[in-house]
Amino acid sequence: MSSCRRPEHTAPPEVFYNDEEAKKYSQNSRIIEIQTQMSERAVELLSLPEGQPCYLLDVGCGSGLSGDYLSEEGHYWVGIDISTSMLDVALDREVEGDLLVGDMGQRMPFRPGTFDGCISISALQWLCNADKRTHSPPKRLYTFFSTLYSSLSRGSRAVFQLYPENSEQLELITTQAMRAGFSGGMVVDYPNSSKAKKFFLCLFAGVSGVLPKGLGTETSDRTVPNQVQYSGQRCRFKNMKGKSAKKGKDWIMEKKERRRRQGRFVYNKVYNHKYESKNVSSLMALYIFPFRNVRPDTKYTARQRRPHF
């Protein structure tokens with residue numbers, strides 16, 4: 001997705017989600033369906049005790065679509081959002097949860113251990129933008145995660161569905177979450193699908209747990225990771241004996257396989273092409289494909305070459 005189409009690059013959230021945009025979240029059936037599905041998945045990742053009502057926090061609650069699902073499941077909830085227009089729609093819809101106006105980048109204004117869990121749908125990536133001169137995305141993320149950690153009971157979870165712009169943004173978010181005391185990682189549903197692919201940041205407060213499996217992994221390629229576990233240690237290649245992992249045979253083979261999965265075709269022939277134009281006479285010319293080219297695997301793949309002087 002190009003940066004010009006992302007809502008957070010258009011205007012600050014309190015400006016972007018105006019009265020006109022807020023009405024879409026109560027009238028558009030497609031938006032309601034998607035929001036409900038993602039809320040259902042987020043609650044599933046919370047792993048709440050069955051048959052027991054819980055007190056949950058909905059960060060970026062908007063018009064209360066996620067809260068409707070929480071109420072249907074028998075839970076009590078509090079929603080916080082920066083857009084007054086979205087909260088007005090939630091009030092008109094008479095949602096059952098309590099609503100609060102607030103900027104999650106400043107802090108979570110709740111007592112320690114208040115909530116049994118937290119969900120957030122399509123809101124966390126807004127903290128990665130600096131809408132004011134005083135805004136620092138790393139500081140705002142850390143402030144949010146640290147105060148959220150305090151407001152959660154020990155052993156509870158927080159699940160964030162988000163649309164990351166790139167890998168650097170994902171790293172920024174997870175780094176600040178781990179600094180605040182959380183453990184956990186990223187769960188990716190349908191990792192091989194461009195449309196159905198969804199990112200869920202699953203965080204554990206106080207007690208480390210096992211990351212759930214992403215949906216659609218039974219049909220995905222085993223070489224494509226669907227979970228990202230974050231820790232304080234860097235992963236290193238074993239048995240390298242001082243050699244660089246990059247440009248090695250394993251690295252080259254993995255890269256070629258990744259390019260093939262992306263649809264880069266194999267061209268192992270040189271094609272003839274006849275040019276017929278005013279500037280070029282009818283000659284047989286060699287036309288090769290320097291781009292989108294994945295060479296076939298041979299015994300010479302990744303072989304060591306003599307240095308050039």
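Me: In this predicted model, how far does helix 7 reach from its first C-alpha to its last?
Reply: Helix 7 covers residues 167-179, which is 13 residues. At 1.5 Å a residue, the expected span is 18 Å. The model comes close to that expectation, with a reach from first C-alpha to last of 18 Å.

Me: Within what arc do the buried residues of helix 7 fall, seen down its axis?
Reply: The buried residues of helix 7 are Q169, L170, I173, T174, Q176 and A177. Seen down the axis, they line one face of the helix, because they fall within an arc of 160°.

Me: Which exposed residues does the face of helix 7 turned away from its buried side carry?
Reply: Exposed here requires over 50% relative accessible area. On the face of helix 7 turned away from the buried side, the residues that qualify are S167, E168, E171 and R179.

Me: What covers the buried residues of helix 7?
Reply: The cover includes both helix and strand elements. Among them are helix 6 (137-151), strand 5 (152-162), strand 6 (183-189) and strand 7 (198-204).

Me: Which residue caps the N-terminal end of helix 7?
Reply: The cap involves the backbone nitrogen of E168. A side-chain oxygen lies 3.3 Å from that nitrogen. This oxygen belongs to N166.

Me: Which residue with positive phi follows helix 7?
Reply: The phi in question is near 115°. The residue that follows helix 7 with this positive value is G181.

Me: Is the ring pair of F144 and F145 stacked, edge-to-face or tilted?
Reply: Both F144 and F145 are buried. Their ring centres are 5.2 Å apart and their planes stand at 55°. Planes under 30 degrees apart count as stacked and over 60 as edge-to-face. The angle of F144 and F145 therefore makes the pair tilted.

Me: How is the ring pair of Y149 and F182 classed?
Reply: The centres of these rings, Y149 and F182, lie 5.1 Å apart. Their planes are at 85°, so the pair is edge-to-face.

Me: How many residues apart are Y149 and F182?
Reply: Y149 is in helix 6, while F182 is in the loop between helix 7 and strand 6. The pair links distant parts of the chain, with a separation of 33 residues.

Me: Is F182 buried or exposed?
Reply: Buried means under 20% relative accessible area. F182 has 3% relative accessibility, so it counts as buried.

Me: The charged end of which residue sits over the ring of Y149?
Reply: Y149 belongs to one aromatic cluster with F144, F145, F160 and F182. The charged end over its ring is 4.5 Å from the ring centre. That charged end belongs to R154.

Technical notes. Residues are numbered from 1 along each chain as its sequence is written. This is a predicted model: local features need pLDDT of at least 70, side-chain atom pairs count only at pLDDT 80 or more; totals for chains, interfaces and linings use all residues. Side-chain values use heavy atoms; hydrogens and water are left out. Helices (H or I, at least four residues) and strands (E, at least two) are DSSP runs, numbered from the N terminus. The expected span of a helix is 1.5 Å times one less than its number of residues. Buried means under 20% relative accessible area, exposed over 50%, partly exposed in between (1.4 Å probe, protein chains only). The arc is that of the directions from the helix axis to the C-beta atoms. Contact means heavy atoms within 4.5 Å. A polar contact is a pair of N or O atoms within 3.5 Å; within protein, one must be able to donate a hydrogen and the other to accept it, and residues adjacent in sequence count only if both atoms are side-chain atoms. Rings of Phe, Tyr and Trp (its six-membered ring) pair if their centres lie within 6.5 Å; planes under 30 degrees apart count as stacked, over 60 as edge-to-face and the rest as tilted. A charge sits over a ring if NZ of Lys or CZ of Arg is within 6 Å of the ring centre and within 35 degrees of the ring normal.
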